[in-house]
Amino acid sequence: MTDDYLDPTDSVAVPRKTAPRPASLDGKVVTLLDISKAKGDHLLDRVEELLRERTGVRTIVRKKKPTFARPAPDALRAEIVGATDVLVEGLAD
Amino acid sequence: MTDGLPVVPPTRERVARAVEACGRAADELIALVPPNFGRATVEKIAINAVMAGCRPDYLPVVIAAVEAVCDERFDLHGVSATTNSTAQLIVVNGPVREALEINCGANLFGPGWRANATIGRALRLVCVNLGGAVPGVVSMSTFAHPGRYTYCIGEWEAQNPWESLAVEHGFAPTDSTVALLAADAPITVYDQRSRTAADLCATLAGTLAVIEHHKMTHWGDTLLVLSPAHAATIAGDGWSKADVRRFLFERLQWPVRELVPGVNGGDGLPDHVLRKFADPAHDATLVPKFRAPEHIKLVVAGGTAGRFSAVVPGWTFSKGSNLVFRRIR
């Protein structure tokens, strides 16, 4: 009888996967993405400090979304994807 | 997923009836629904509409609403993922209101009309089932509000002393349209005693002032729903919609020094705005609540008894969601 009921979801949608996690940050390029929420930069400043203290990261890159209210612009995403090994996003609130 | 309430089982027969009623191909792609970009075909929208309890002839309204929320300007990604409380409000204009018995009068935001109840619900189910706005997973709103079950009203054009919302935005009176607003819950404004436009608009400004928080500025599209009685008082003084907007815009401005974080509340102007002033704590430059008068959108609706209006705050920030229209086909 299940065939008599139609699926309200998009059954062809591909399930999303998170990116594989590196075993170590040694020699990696890490991007810290500020989404423009108030005080998000405070959190990321501290994350940067800790990464420099505790890991062997090669470079830390700081990027910022124009607004937290919308997804990152395509150009910014492409820029990050092409140039970083690890992304840390300072989410809201 | 549902909204927690029981649904009508979407049988092939019921869905086929809805698709047939709208006169479009079942596999026609209407939109990709953010944030997961599920494919909203006519059939997928129809399945969700059936589940919501829509009559087959409601489907064109639901389709137009889906098109509108998937417009980039609406920013459905943000609306579905924000920690804020916003929901998708549908405002219907034109002849379709009578044809489908969409309520524009008493009990405007409340229950009692199948069209209002199920069209709004269908849109919400589309956002969950095709957009992925699953509560607690993608949709992380701290509070949300009851409009996330359904949020759909009509404008009572016959009680409107001015042109309708849709006509004001370039549509013909014979067009049927939806206007979609990312909207907070309505805030009722009580004013029984004002008998002039200026007095009444001063009251309305008092409620508009506290949208989001009392020091929020640079706000965008927000709906002001005037009851027929309040609209008659304002229009009776010869004021146009533009006059109302100008009065409210000019009244809703405060000097920078009153908007500094820590003055009358810890929040206030963001750092990038404060940096524009040499000495914000003493600066008298006026900053408006709304970016422009045109962001205050006026409609006339609600019961003829009662001198109330309602403010329906948008979810806009400086670059967020905008009011988006679509013609119903």
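Analyst: In this predicted model, helix α8 of chain B passes helix α10 of chain B in a right-handed crossing. Residues 197-208 form α8(B), and residues 241-251 form α10(B). Their axes come within 10 Å and cross at roughly 55 degrees. Angles of 65 to 115 degrees would count as roughly perpendicular and angles under 35 degrees as roughly parallel; α8(B) and α10(B) are therefore oblique to each other.

On the α8(B) side, the contact is made by B:C201, B:L204, B:A205 and B:L208. On the α10(B) side, B:V244, B:F247, B:L248 and B:R251 take part. By class, this contact has seven nonpolar residues, one charged residue and no polar ones.

The C-alpha trace of chain B spans about 70 × 45 × 30 Å along its principal axes. A compact globule with 329 residues would have a radius of gyration near 20 Å, and the 20 Å of chain B agrees with that. Among contacts in chain B between residues at least 6 apart in sequence, 83% join residues at least 24 apart.

Chain B also meets chain A: 24 residues of chain B are in contact with 16 residues of chain A. The chain A side of this contact divides into 10 nonpolar, two polar and four charged residues.

Definitions and conventions
Residues are numbered from 1 along each chain as its sequence is written. Chains are lettered from A and ligands numbered from 1 in the order in which they are written. This is a predicted model: local features need pLDDT of at least 70, side-chain atom pairs count only at pLDDT 80 or more; totals for chains, interfaces and linings use all residues. Axes are lines fitted to C-alpha atoms, for helices over the stretch in contact, and angles run from 0 to 180 degrees between N-to-C directions. Helices (H or I, at least four residues) and strands (E, at least two) are DSSP runs, numbered from the N terminus. Angles under 35 degrees count as roughly parallel, over 145 as roughly antiparallel, 65 to 115 as roughly perpendicular and the rest as oblique. A crossing is left-handed if the near helix is turned anticlockwise from the far one by less than a right angle, and right-handed if clockwise. Two residues are in contact if their C-beta atoms, placed from the backbone, lie within 7 Å. Ala, Val, Leu, Ile, Met, Phe, Trp, Tyr, Cys and Pro count as nonpolar, Asp, Glu, Lys and Arg as charged, and the others, Gly among them, as polar. The radius of gyration is taken over C-alpha atoms; the globule rule is 2.2 Å times the number of residues to the power 0.38.
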